[in-house]
Amino acid sequence: MSQNPPPLPPRPNNMDTSEHMEFSALGKTPPAWLHDLIRYNPGEDHQHEFYLSIEFDNDVETVFLCQECHYWFFLTTTPNAIMEQSNCGFENTLHHLHTTTTTKTSISAKCCVCNLAVNIEIKEPFIDLRLFNDLGKLRKHSYANAIKHAEFEYKTNLIDTIESMIKILSNIIDEDLQTLEFNCNNFEMDKVSQALFEKLGFKLIDDSLNPPDFPLSDDEKRNIKLTREELLMISYKLNKYSYSYSKYSAKKPYEKLNNVLGTSYKALFADCSNFDPESGYSLHSSCFILGCVPDMDDQTLIWAYNLGVQEVPEKAPEYLQAIYEMSKERKSEALEELVAVEKSKGRFHEEDIKEAYKCLNVGDVDGSTVSDEFLIDTYSVLNTDNPSSRAKYREALNIIGKARNSTKILRSVNEGPVNEMPDYLLEMPVGLDNIGNTCYLNSLLQYYFTIRQLRTAVLATDSSGSNGYELDWQSITIGHRKVSKSEVKRAKQFVNLLRGLFVNLIHTTQRSISPDIDLAYLALVNAKNDDDEYKDTSKSPMDDNKMAIDDSSPGPSSSKTVDNGNSDIYTVSEEVTVEIEGTALSVDDRIVPDHFYNESNTSHSLKGKEKENTGPELSSDFYNTSKEDKLRAASEMLLGRQQDVTECMDNVMFQLEAALKSLPMTDENGDEQNIIKSLFYGQTRQILHKKQNSVAADGRDLYDGLDVYFDASLVDYDGTQVIREVTITKIPPILQIHVQRVQFDRSTSNIYKSNAFLRFDKVIYLDRYLDKNYELLKQRRQEAHNWKQDIDRLQAELNDYEQDKTTRLSKVDLLKLTADFIHDEMKNDIIDENSLVAVEQESNLVKEESEEYHNKISQLKSQLSQHYQDLQECAYRLHAVFIHSGQANFGHYWIYIFDFEKDRWLKFNDSYITEVVDHEVFADTTGSSANPYCMVYVRAQEAKELVETVCRQTN
């Protein structure tokens with residue numbers, strides 16, 4: 001919605017929840033509201049089955065009655081609507097109705113967004129239903145039963161009796177006096193029928209039924225019409241139960257109600273244009289808590305959730321619980337992402353509340369019965385007994401305090417000695433608030449803050465932001481191009497703001513802080529989109545940052561110079577970032593090379609054609625908007641788009657390098673080197689051979705992805721296909737490994753995200769990729785290469801063997817279906833037992849052959865995994881794992897960072913930082929949209945010197 005809804009209508013004081021539980025003042029979509037209406041029946045125990053009135057429905061009123069109880073419902077809307085749709089609801093289709101009045105005779109509701117008011121007047125049936133029940137006792141329901149049971153005084157069955165009554169009343173309405181006289185004279189009268197007719201003004205004279213005198217008054221006409229429609233309800237019901245044909249047509253009211261209330265909505269599989277609330281939805285679905293119906297699509301549920309939380313904040317845990325349950329039931333990525341985002345904002349669902357009570361050892365009882373004082377005392381005891389778990393206990397008590405809206409509990413959570421930082425704050429890092437789709441940036445900033453040398457360098461910069469560059473300006477080069485003075489100025493402004501953030505992260509006594517909007521702006525929007533200097537013809541400062549020789553910023557590709565000699569082996573020395581990319585996970589879960597090579601005589605790229613690293617593309621009117629609007633636009637485009645968040649990292653790294661280039665460090669050889677290069681850059685050597693083609697190995701662990709980057713692969717060089725191998729000549733202390741999950745489907749021309757599981761370890765060993773081991777491991781590499789080819793060949797043969805070429809089904813499944821079919825036919829002696837035996841024998845043969853293939857593949861994979869086990873000198877420890885939850889074009893980000901001092905994993909989810917178990921970080925993510933897209937490893941023997949996850953000071 002483009003605007004906030006107006007204040008809610010007053011909550012009704014006459015809501016009698018003892019009689020019914022359906023209606024409430026909480027907002028509901030029209031379909032859910034109608035779903036409650038058919039169950040609104042105080043004192044009765046049936047679900048309404050509504051039919052549109054033939055006589056009374058009109059343009060002003062929607063009139064319908066229940067076939068079961070014959071109650072009448074007269075629905076009107078203000079303003080009258082058939083349907084002049086208001087600017088209301090999700091994509092202008094759905095109202096959000098709040099019931100304001102419910103009595104036995106009326107129901108009222110108002111939309112909280114527009115001025116639509118719905119009023120229903122409820123009237124009792126004109127003919128007491130007990131009369132119809134008594135009539136059923138006198139008459140059998142069919143002609144056959146009437147003849148069979150001679151003890152019944154009346155031979156006309158109940159169905160025919162009702163039909164005769166309808167005819168007589170229709171004759172009166174139509175003023176067909178001749179037919180009326182005939183039907184009256186031929187009606188078999190009984191005492192119940194007599195009472196019904198007398199209520200309508202008929203008289204019984206000499207055992208003959210006489211109609212009321214003409215002309216009829218308006219009230220007499222209305223009563224006769226009411227009675228006829230109630231008789232029609234009896235007729236529909238009797239004919240339905242006896243499977244007889246009814247000559248009268250019955251029409252449901254929901255097509256018209258769709259026009260009046262706007263009940264059309266986007267469903268999960270197909271849009272629902274004519275909602276029928278009688279279609280048997282589960283009453284226990286979490287959708288109803290949100291005011292929705294079970295087949296509404298995810299985006300409608302999200303809209304309803306956001307509106308509900310905005311209107312009734314105290315119901316947020318219940319609403320989020322509903323979203324959580326629906327996400328599990330549907331396996332919905334969009335709903336999973338919403339839960340993650342809401343939790344990052346500090347919200348929680350009912351399951352979290354239960355877990356919080358368990359955490360404080362009151363999970364076995366109803367937590368609501370425990371006093372605030374008892375919980376506070378328990379919290380204090382647990383903190384004393386288990387000081388290492390204080391953060392966990394505090395989080396639990398904080399959730400309970402918010403759920404109870406208890407000032408006493410929340411004060412206990414937050415209070416502490418004056419001028420003394422509570423211990424739990426010293427033990428946990430500070431969170432970063434999400435200021436508008438900045439979850440990725442928050443993860444990135446938290447990661448950079450943990451790098452000791454980078455943090456120290458940023459903190460050491462001049463807090464004025466200029467760092468003296470105006471007085472001592474010297475042109476610098478990044479990525480083989482000159483960096484302009486304005487770019488360096490912009491970079492220094494960024495680092496100055498980053499310095500302020502780092503200072504606050506160290507010294508604040510708050511649980512979380514908000515990044516400066518200018519810092520987020522400079523990180524998310526690069527210079528090309530920020531400065532008129534780059535609007536038309538100038539290149540972005542990131543255009544040439546392609547991991548070039550000696551001087552480049554981190555980026556997804558690399559350029560280098562190739563010695564164009566004539567020997568069989570060409571050696572290429574280059575300096576690249578430690579972002580070892582090219583670990584693309586394709587849709588078939590294979591780790592395959594990502595077209596790394598697009599060579600010329602002078603340079604080639606590691607990832608094919610180099611794209612301009614310009615950051616997110618913005619609209620033409622971007623430059624005319626405010627900084628806040630620019631930030632919002634950029635952050636919305638970055639939300640979920642992995643290729644763009646990688647460019648955000650490039651933009652940040654470029655600005656760090658531009659601003660800190662004048663702060664050199666001494667490397668292990670005593671040479672001066674830029675701090676960014678010393679931390680994140682290494683060197684590789686490239687060897688090109690004139691040999692046969694190679695095949696990428698199938699696999700699902702990190703080494704498989706690294707092998708794709710470093711191992712032999714076919715490239716075009718100088719018009720000839722050659723084999724390229726890459727070795728590491730100098731390895732940096734920090735290694736960033738990106739998993740390219742965003743893929744392009746050529747058949748649909750759409751991008752998609754691969755959720756394939758990628759296994760990674762706490763420690764990886766890079767000895768096999770080092771240049772110094774290149775000659776020593778030549779035979780091993782060839783063996784590994786051959787095993788990978790064998791695995792690919794066996795996997796292809798297995799896929800071909802297991803799948804039937806005609807049906808494209810699994811042979812095992814196909815044979816099982818065939819066996820089941822034969823077994824059923826054998827019962828009818830159509831097929832003999834020998835056929836079943838033959839099919840079962842073939843099925844067992846297929847299973848044995850498949851198992852043999854699987855065993856061979858497993859054996860080869862085991863050999864590969866053990867092939868380099870003895871090489872463990874170059875060890876790197878896992879430090880951080882960036883997680884993306886969602887699809888290619890949307891999602892939520894968080895990061896896990898390892899605390900080497902306390903040997904624990906911490907989850908940084910915007911404002912909230914929690915300790916998690918190892919399993920959560922390394923879990924098999926198969927079937928989930930939340931998976932790693934970047935892993936950061938640090939040199940194992942220097943891990944504690946390189947990174948520090950928690951850095952808090954009391955002053």
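These legends go with a set of close-up views of one predicted model.

**Before you zoom in: how to read the views.** This is a predicted model, so local features need pLDDT of at least 70 and side-chain atom pairs count only at pLDDT 80 or more, while totals for chains, interfaces and linings use all residues. Residues are numbered from 1 along each chain as its sequence is written, and side-chain values use heavy atoms, with hydrogens and water left out.

**View 1. The whole chain, for orientation.** You are looking at 30 helices and 31 strands. Helices (H or I, at least four residues) and strands (E, at least two) are DSSP runs, numbered from the N terminus. Of the 955 residues, 53% count as buried; buried is under 20% relative accessible area, exposed is over 50%, and partly exposed is in between (1.4 Å probe, protein chains only). Take contacts between residues at least 6 apart in sequence: 71% of them join residues at least 24 apart. Contact here means heavy atoms within 4.5 Å.

View 2. Helix α6 covers residues 191–199, and V192, S193, L196 and F197 are its buried residues. Looking down the α6 axis, those buried residues fall within an arc of 130°, so they line one face of the helix. (The arc is that of the directions from the helix axis to the C-beta atoms.) At the N-terminal end, D190 does the capping, with a side-chain oxygen 2.9 Å from the backbone nitrogen of V192. Following α6 comes G201, with a positive phi near 100°.

**View 3. Where α17 meets α19.** Helix α17 (residues 439–449) and helix α19 (residues 485–507) have axes that come within 11 Å and cross at roughly 75°. That makes α17 roughly perpendicular to α19, a label for angles of 65 to 115 degrees; under 35 degrees is roughly parallel, over 145 roughly antiparallel and the rest oblique. Axes are lines fitted to C-alpha atoms, for helices over the stretch in contact, and angles run from 0 to 180 degrees between N-to-C directions. From α17 you get L445, Y448 and F449, and from α19 you get L498, L501, F502, L505 and I506. By class, that is eight nonpolar residues, no polar and no charged ones. Nonpolar covers Ala, Val, Leu, Ile, Met, Phe, Trp, Tyr, Cys and Pro, charged covers Asp, Glu, Lys and Arg, and the others, Gly among them, are polar.

**View 4. Helix α20, mostly covered.** Six of the eight residues in α20 (517–524) are buried: L519, A520, Y521, L522, A523 and L524. At the start of α20, a side-chain oxygen of D516 reaches to within 2.7 Å of the backbone nitrogen of D518.

**View 5. S911 and the residues around it.** S911 sits in the loop between β29 (904–909) and β30 (912–916) and is buried, at 12% relative accessible area. Its side chain makes a polar contact of 2.7 Å with the side chain of D433. A polar contact is a pair of N or O atoms within 3.5 Å; within protein, one must be able to donate a hydrogen and the other to accept it, and residues adjacent in sequence count only if both atoms are side-chain atoms. Leaving out residues up to four places away in sequence, S911 touches S344, G431, L432, D433, N434, R511 and S512.

View 6. The peptide bond from F214 to P215 is cis, with omega near -5°, and P215 lies in the loop between β8 (208–210) and α7 (218–241). E175, in the loop between α4 (158–174) and α5 (177–185), isn't a glycine but has a positive phi near 55°. E175 is exposed, at 51% relative accessible area. D903 isn't a glycine either, and its phi is positive at about 55°; D903 is exposed too, at 59%.
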